[in-house]
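Morning, everyone. Let me put the structure up, and then I'll walk you through it.

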Amino acid sequence: MKSIRLRLLVCLVFIFLVVGGLPAVHSQEKPGGKRVQAVRFGKLWDGKGKLWSNAIVIIEGDRIKNVTSDASAIPAGAEVLDLSKYTGLPGLIDVHTHLTMYTDETPGEPMLKQITNNSPAVEVFLARKGAMRTLEAGVTTVRDLGADQYMDIAMRDLINHGEMIGPRMFVVGYGLYVTNTPYKPGLNPPAGGIADGVPEVLRVVRQQIAAGVDLIKMYASTGTDDDTTGFQTFSYDEIKAAVDAAHQFGKKIAIHSYGPDGARDAVRAGTDSLEHATDMDDATIQEMVKRGTFYVPTIDHNRYYLDNWQKIGYANGFQEKTKAFIERNLETARKAHKAGVKFAMGSDAIYTMFGENTRELGWFVKAGMTPEQALRTATTNAAELLGKEKELGSAAPGYYADLVAVEGDPLADIDVAIYKVKWVMKGGAVVVDKTKVAVR
Ligand SMILES: [Zn+2]
């Protein structure tokens, strides 16, 4: 035994010396160091409260090393990218997506049907298009809130390994449902997420954590797609059990409630974020302010449903109710913002909505935010909700080199951030570049 171990050790040392001593001939990095880049912006809103003029962001590997306006600080040999025609922003964060529920626009086949017909492997492969469109909107990080068959974990890992191009993903696996929660008309709810009663809630939360999720999602009311009912499903005790179990494992929890009752109990139980929620009473809103609960109203996804209902495959006749829901959703957001509730931007992007992720910011401005406050919901606030406020959501030393170049002044007009994204960098790699005129 001993000699085998010794031989193994000698072997390992040998491999270490040979591999460690090889020159990095195939690497793009400079010998002995990481790739160094310097990106110039005309203006840079850094998420730290500063608007820079003639900003230079110095990047080493996948992280920001320094932000300066002193050109002499650019290290010798750095690759310089000149985006001085544009305004720089930190990479945007969408805290409510369903990337694995992507569909293409194949005519004649309703999206609801495509979602059920595709196998998980096909679905993940197709989803790379939605991931790309998400990046093109300037979104470099998402919190993906619900998938079947752990497709979200697969996709997150493929992206992290560089096998798929897409935003950094934080995922939930199966959301928790009660039996018979209407999920999608004509579909069975995903079996993996069903839980009735406290012991089953604990089991499903633990199953998701064991599967490798980043956080927990719970559906505490009805309401999805063309169904805008908001009846509470899980009881306070079940919600509290989920919240406590998630927190016990160091995970955050996002709770879905279309209506006020599930919202009230989710907030009282200590959820980290509350998704959708209309018609919240003043006491619930005050409780959110007190606890620092994030509100993710997802107003725009119902606009998307109204624009695309035939392609999705909804039955005619839901439109008036959905329009009324949007108004109540916006009104609730207005009240919550006025009261001082913290917001994070979530699109609830699904089907073909990817690429429209940041339209939610327009609704936030309508609800009374300044463009800068709206930008915070998709940067610093969203990063705080993820628990990544020291790595994401700002353009500052130590943060991931996630940067967006927009054409115009997003602090004067939020539409600039929504519709004028020209260039995107994620972790030091340029993933979108529309700054050059296409040459054929
Ligand atoms: Zn959702």
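What share of the 440 residues of the chain counts as buried? The figure is 53%, where buried means under 20% relative accessible area, exposed over 50% and partly exposed in between, with a 1.4 Å probe and protein chains only.

Ground rules next. This is a predicted model, where local features need pLDDT of at least 70, side-chain atom pairs count only at pLDDT 80 or more, and totals for chains, interfaces and linings use all residues. Residues are numbered from 1 along each chain as its sequence is written, and side-chain values use heavy atoms, with hydrogens and water left out.

The chain has 14 helices and 16 strands. These are DSSP runs numbered from the N terminus: H or I of at least four residues for helices, E of at least two for strands. Take contacts in the chain with a separation of 6 or more: 67% of them come from residues 24 or more positions apart. Contact means heavy atoms within 4.5 Å.

Now the metal. The zinc ion is coordinated by His-96 through NE2, His-98 through NE2 and Asp-348 through OD, at 2.0 to 2.3 Å. Donors here are N, O and S atoms within 2.8 Å of the metal, or 3.2 Å for Na, K and Ca; water is not among the atoms, so sites may look incomplete. The sequence spacing of the donor residues reads H-x1-H-x249-D. His-96 lies in strand β5, while Asp-348 sits in the loop between β12 (342-343) and β13 (349-351), so this pair ties together parts that are 252 residues apart in sequence. His-96 counts as buried, at 0% relative accessibility. Asp-348 is buried too, at 6%.

On to helix α4, residues 151-160. Its buried residues are Met-151, Asp-152, Ile-153, Met-155, Arg-156 and Ile-159. They pack against several elements, among them β5 (92-102), α3 (120-136) and α5 (198-211). After α4 comes Gly-162, with a positive phi near 80°.

Helix pairs next. Two packed helices are described by the angle between their axes and the distance between the axes. Axes are lines fitted to C-alpha atoms, for helices over the stretch in contact, and angles run from 0 to 180 degrees between N-to-C directions.

How do α5 and α6 pack, and at what angle? The angle is about 30°, with the axes of α5 and α6 (236-248) 9 Å apart. That makes α5 roughly parallel to α6. The cut-offs: under 35 degrees is roughly parallel, over 145 roughly antiparallel, 65 to 115 roughly perpendicular, and the rest oblique. The contact is made by residues including Val-201 and Leu-202 of α5 and Ala-241 and Ala-245 of α6. By class, that contact of α5 with α6 has 8 nonpolar, no polar and 2 charged residues. Nonpolar covers Ala, Val, Leu, Ile, Met, Phe, Trp, Tyr, Cys and Pro; charged covers Asp, Glu, Lys and Arg; the others, Gly among them, are polar.

Then α6 with α7 (260-269): about 40°, axes 9 Å apart. α6 and α7 are therefore oblique to each other. Their contact divides into 5 nonpolar, 1 polar and 3 charged residues.

Last stop, Thr-271. Thr-271 lies in the loop between α7 and β10 (273-276). Is Thr-271 buried or exposed? Buried, with a relative accessible area of 4%. Leaving aside neighbours within four places in sequence, Thr-271 has contacts including Val-243, Ala-266 and Thr-293. Thr-271 and His-247 are 24 residues apart in sequence and 9.5 Å apart in space, C-alpha to C-alpha.
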